[in-house]
Amino acid sequence: MTDTRVALVGACGRMGTLINRRILETEGLTISAAFDLVNVGKDIGEVIGVGKIGVPVTDPKDLATVLKETGTEVLVDFTVAPATVANAPVAAAAGVNLIIGTTGLTAEQKTGIVEAVVKNNVAAVMSTNYSIGVGVFNKLIRQAALYLGNDYDVEIIEAHHNQKKDAPSGTAMTAAEIISEAMGGKEFKFGREGVCPRGKEIGIHAIRGGDIVGDHTVMFIGNSERIEIRHQAHSREIFVGGAVMAAQWVVSQKKGVVYDMSDVLN
Ligand SMILES: NC(=O)c1ccc[n+]([C@@H]2O[C@H](COP(=O)([O-])OP(=O)(O)OC[C@H]3O[C@@H](n4cnc5c(N)ncnc54)[C@H](O)[C@@H]3O)[C@@H](O)[C@H]2O)c1
């Protein structure tokens, strides 16, 4: 069997570097291309510290041409929301399957990506968190929300490193959406300041500092007790493994569908 040909956009970033390294170590996968705004023209192997591999970093303005020329089957995108919104439809139109890890996408932007996937009959995985532990965390918070119902106030606190661009995290937003759906619909309140009596909302709070990889705590607070469910990422490797697993998985799935990480894990 020939290797699955995978390209990365955001290839030189924190996540891109680790995913590229993992692809090189994974049997059955080959790096076909690398896109970023930085290090254009350099060999991606040298950029990620493993020595020349013969794949240059390319400016994403040439995305369609390079994806076709290199026979890329999957494009993995860990960049920023405006880049993903621009690149995903171009890759889909080139017949390339997608793994989207970028967070901070609005509902409208996500809908645009889904439309491009359906229209071009490719498959995609879109997840705000590729860790297996967060998949379980999401199931636990849903279960707790179903058990506890509206008698408990819900607060979500997330913490990330000081370079993270979007807030609150995509994982915190996904948690809020899961709980809201389980509790029959809730408003979200982002931080509190001044006079703000508590309603029936889900409170969402973001902490930024140092090198925190990603902590998420959901508090279900009742009278005289509270339950806290917490996930703490010790290393970005947890996202890397899931993203690479998704890239291997997506090529053999039914086309015209956007999957999430729970589909990959199932
Ligand atoms: N879904 C998950 O499991 C998960 C896990 C970690 C991070 N993330 C998300 O992934 C994204 C990237 O995170 P990171 O820590 O690697 O960030 P980073 O800043 O280290 O890397 C982003 C890379 O994207 C490149 N880039 C920016 N604009 C671009 C464009 N228009 N075209 C091509 N490349 C462009 C940058 O030059 C950089 O190399 C963020 O949205 C982050 O929240 C998701």
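Predicted model: local features only at pLDDT ≥ 70, side-chain atom pairs only at ≥ 80, totals over all residues.
Local features need pLDDT of at least 70 and side-chain atom pairs count only at pLDDT 80 or more, while totals for chains, interfaces and linings use all residues. Residues are numbered from 1 along each chain as its sequence is written.

A nonpolar core is a set of buried Ala, Val, Leu, Ile, Met, Phe, Trp, Tyr and Cys residues joined through C-beta atoms within 7 Å. Buried residues have 20 or more other C-beta atoms within 10 Å of their own, with C-beta atoms placed from the backbone. The largest core has 52 residues. Ala-34, Val-76, Leu-98, Ile-99 and Ala-243 have the most contacts inside it. Helix H8 (residues 237-250) gives the largest share of this core, seven residues. Helices (H or I, at least four residues) and strands (E, at least two) are DSSP runs, numbered from the N terminus.

Five strands form an open sheet in the order E8-E9-E7-E10-E11, with mixed pairing. Pairing requires at least two DSSP bridges between two strands. Strands E8 (188-190) and E11 (226-233) stand at the edges, each with a single partner strand, so one side of each is left without a neighbour in the sheet. Strand E10 (residues 214-221) pairs with E11 in the antiparallel sense over eight bridges. Asp-215 has Gln-232 in E11 as its bridge partner.

Terms used. Buried ≥ 20, exposed ≤ 12 C-beta atoms within 10 Å, placed from the backbone.
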